[in-house]
Amino acid sequence: QWASVNLVAGTAPEAAAASLTRQLGSADRVELQTVEGSDEIDAFRFAFLLVSALVVIVALANLASTMLLAVRERTHDLGVLRAVGVTPRQVLAIVAAGGAALALAAAVIGVPLGWAVSDAVTEVVGAESGIGPGIGASPGILTALVLVPVVAAIAALLGALVHLDVCA
């Protein structure tokens with residue numbers, strides 16, 4: 001059997017290993033492993049970042065295609081709005097607001113779900129690699145809260161660009 005110990009930041013690993021060796025006695029072996037420089041963890045981090053980047057690209061492409069279809073389907077509605085006096089800038093604002101609302105709903109669901117899946121995956125990788133739990137730090141709550149309006153702003157911009165492309 002083996003056990004893993006995670007140290008808080010600022011704790012000297014060598015001192016903790018020496019303390020554990022004294023407390024456990026000679027019957028048990030204490031082996032010091034660090035996460036930094038681990039080829040397994042570095043490969044996992046690279047793969048995780050690559051997959052994350054690909055997911056963001058696919059999500060943006062999906063959002064762009066959804067916005068394109070929505071604008072094309074609403075072309076007649078937007079034409080009626082223009083006929084009753086709505087300015088092109090107001091139509092653009094309506095389309096951008098629709099994109100932002102769609103992204104806001106997706107971010108409110110996706111960010112917590114992605115956070116939970118990320119934590120679960122890093123725990124499994126840590127356990128399976130022999131390093132133990134807690135190998136990855138989750139983003140702070142402030143980071144997660146900042147992501148929601150950023151995603152909504154990107155979607156609004158994307159919606160406006162799609163609208164300009166369709167109407168051009």
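A helix is here a DSSP run of H or I that spans at least four residues, and helices are numbered from the N terminus. The model to which this numbering applies is predicted. By that definition, Leu60 belongs to helix α2.

The protein chain as a whole contains 5 helices and 0 strands. Read from the N terminus, its elements follow the order α-α-α-α-α. Among contacts in the protein chain between residues at least 6 apart in sequence, 74% link residues at least 24 apart.

The division between interior and surface comes next. Of the 168 residues in the protein chain, 20% are buried.

Val56, Leu60, Ile141, Leu142, Leu145, Val146, Val150 and Ile154 together form a nonpolar surface patch of about 740 Å². Two or more residues of the patch are given by each of α2 (39-73) and α5 (141-167). Helix α5 provides the largest share, with 6 residues.

Leu60, the residue placed in helix α2 at the outset, is also one of the members of this nonpolar patch. Is Leu60 buried, partly exposed or exposed? Its relative accessibility is 39%, and Leu60 is therefore classed as partly exposed, since that class lies between the limits of under 20% for buried and over 50% for exposed.

Notes: Residues are numbered from 1 along each chain as its sequence is written. This is a predicted model: local features need pLDDT of at least 70, side-chain atom pairs count only at pLDDT 80 or more; totals for chains, interfaces and linings use all residues. Side-chain values use heavy atoms; hydrogens and water are left out. Buried means under 20% relative accessible area, exposed over 50%, partly exposed in between (1.4 Å probe, protein chains only). Contact means heavy atoms within 4.5 Å. Patches are made of residues with over 30% relative accessible area and no salt bridge: like charges are joined within 9 Å, nonpolar side chains (Val, Leu, Ile, Met, Phe, Trp, Tyr) within 5 Å. Accessible areas come from the Shrake-Rupley method with a 1.4 Å probe; for residues, only the protein chains shown count as cover. A salt bridge is a side-chain nitrogen of Lys or Arg within 4 Å of a carboxyl oxygen of Asp or Glu.
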